[in-house]
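Here is a friendly set of notes to read with the structure open beside you. Take the points one by one and find each residue as you go.

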Amino acid sequence: MAGPKENVLMEKIVSLCKRRGFIFQSSEIYGGINGFWDYGPLGAELKRNVKELWWNTMTRQRDDIAGLEATIIMHPQIWKASGHVDTFSDPMIDCKTCKGRFRADQTNEIPCPQKPSKMVSECHGEKTAPRAFNLMFQTYVGPVRDESAIAYLRPETAQAIFAQFKNVLETSRQKVPFGIAQVGKAFRNEVTPRNYTFRSREFEQMELEFFIKPDEVVEAICGRVATAAEISKPESEQRAASVSLADPSSISSAGKMPAARSDWGWEAWHKYWVEERIKFYEGIGLPRTTLEEYWQKPEELAHYARACVDILFKFPFGTQELEGIAARSDFDLSQHERFSGKPMGVFDEELRTAWGKLPKEKSDALWRRYYENRKKYLAKMGVAEEPASKDATEDANGLAKGQYIPHVIEPSAGVDRLILALITNAYSEVTETDDKGRSETRVILKFHPRVAPVKAGVMPLLKNKPELVKKAIEVRDRLRPWMNVFYDDAGSIGRRYARQDEAGTPFCVTIDFDTLGEKPELKDTVTVRFRDDGRQERIAISELLNWLLPKVR
Ligand code: GAP
């Protein structure tokens, strides 16, 4: 639970976010609506940068991941197959005294009705017994509001990826192992939205479904399955490869993967994605010390998951989940195959050839393992013994023909939680004292330049000198096609710097009399001021763009 100091920090952050236009309460003029948040001008830029960095890292910088942008409302059977209609619920209780409605597992604290970012103790009134409350928002498609028209706002982006798996596979000419990535809105009717944007009812996800060969297939082809330990680089090597602020490829190690990837089974791929995702967070400015890996215990895992690692961030209100990386076996594709009646398996020539060359005892052993796994899955889904044995036999017989249903590793991140993590991590205060002994405390948001909403503030030293203004506008227009810059000529230069510090702008570019040639050797140069230490550097206007670009991308 957060202490008073952390609550004060959260209050400062919430107030800064509103004052500077990062985050507003949705529908504020009508008193707001709990669990919904809007992103203002700076927040919208920050969010866009984060999503773009994720998208670039996941898709454009790699050969083995393709993108998807699916609809929010999909066929309701998707949510039946995924299990969301039957099991996506939280235990809810009502308080008979205060009439409040809470999650049974979170009754100690609730968001303050007056100030949702603040947690208050709940009343001690008598509670009803917990009952399951489905978190999906329900709607109706078309003019008739009956059972047959029920549809849902998607509670995760992942299911569209599974439903479109075959289309993407065929059109992108990918081969397993490969991934499909999607960024988009998700909706959950959370019983108690809390901790500012941390648990919202409308939020965005960045999800990757990375499809891999089942271990039996890897073993048939490669003769072995690499362990997770084998793919871990020694610490010295990891340090050498650690993130570089100037190297755009350093937030992913795509292209630098160990050569042994064809013998990776699910454990190795899972480990790989945990490391990749941590590297991504470090590359956008969340230090390793603010992150934790939480390996879920067997009893905490979803029934279909083989492993799940939560990447946690140290928020002021506690260390909490930023992203989950789950090894989901072949559960999702199998479910959609059974519910849609459409085959979700792939054909792999390499497997067919390798299988034909396996010694009988080896192929029998692999066949048996695959069969047992399929049967276990079918039994868990309530399929009776006899049909389950028949289907599992058919599935295992498919191996010899080069057929199998891919397994999946799913790194699933929340955009809004990441924005909150970036803002809380960037928040810092400095107290400065002037010549007259007056102290002032001001805020600096120390965003990594890659995510900063504004990359450079461009300022003429004085507003009333047309030559300075003209030159500053020229500089702004030179940078503007490449990055988000903010032109500011209002107030003293110190005030303008302070305003940009508070917005998290990493660089301020000032056009002064030397730019105009007062000192001839400095003609057409500008001062670049660094946000974090106030340091200044003189740079030629002709070199400014090339100087800035690698730092902000
Ligand atoms: N497809 C898997 C999945 O959706 P999840 O753990 O329920 O897994 C993944 O969600 C991520 O989505 C979380 O780690 C979190 O960052 C984000 N998320 C989930 N529920 C959220 C909520 N109510 N508000 C904000 N972000 C949320």
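1. Which strands each supply at least two residues of the shell around the ligand? They are β12 (202-212), β15 (318-327) and β18 (407-414). Please keep in mind throughout that this is a predicted model.

2. Now look at the shell itself. The ligand is surrounded by 19 residues, and the closest are E156, R188, E190, E207 and E321.

3. The side chain of E190 places an N or O atom 2.8 Å from a nitrogen atom of the ligand. A nitrogen atom of the ligand also lies 2.8 Å from a backbone N or O atom, this one belonging to S200. For an oxygen atom of the ligand, look to G414, where a polar backbone atom is 3.0 Å away. On its own the ligand has 550 Å² of accessible area, and the protein covers 88% of that.

4. How many disulfides does the count come to? The answer is zero. As a reminder, a disulfide is a covalent bond between the sulfur atoms of two cysteines. Take C508 as an example: its closest cysteine sulfur is in C17, 20 Å away, so the two are too far apart for a bond. C508 is buried, with a relative accessible area of 1%. C95 is buried as well, at 2%.

5. Next, the loop between α6 (165-172) and β11 (178-187), where you will find P177. The peptide bond leading from V176 to P177 is cis, and its omega is near 5°. R173 sits in the loop between α6 and β11 too. R173 is not a glycine, yet its phi is positive, at about 55°. Is R173 buried or exposed? With a relative accessible area of 75%, R173 is exposed.

6. Another residue to check is D524, in the loop between β23 (507-511) and β24 (525-530). D524 has a positive phi of about 60°, although it is not a glycine. Its relative accessible area is 29%, so D524 counts as partly exposed.

7. Finally, step back to the domains. The domain assignment gives domain 1 (359-404) and domain 2 (454-552). How far apart do the C-alpha centres of domain 1 and domain 2 lie? The distance between these centres is 66 Å.

How values were computed:
Residues numbered from 1 in each chain as written. Predicted model: local features only at pLDDT ≥ 70, side-chain atom pairs only at ≥ 80, totals over all residues. Heavy atoms only, no water. Near = heavy atom within 4 Å. Polar contact = N/O pair within 3.5 Å; in protein donor to acceptor, adjacent residues only side chain to side chain. Areas by Shrake-Rupley, 256 points an atom, 1.4 Å probe, with all protein chains shown as cover. Helix = DSSP H or I, 4+ residues; strand = E, 2+ residues; numbered from the N terminus. Disulfide = S-S within 2.5 Å. Buried < 20%, exposed > 50% of the residue type's maximum accessible area, 1.4 Å probe, protein only. Domains from an automatic or database assignment.
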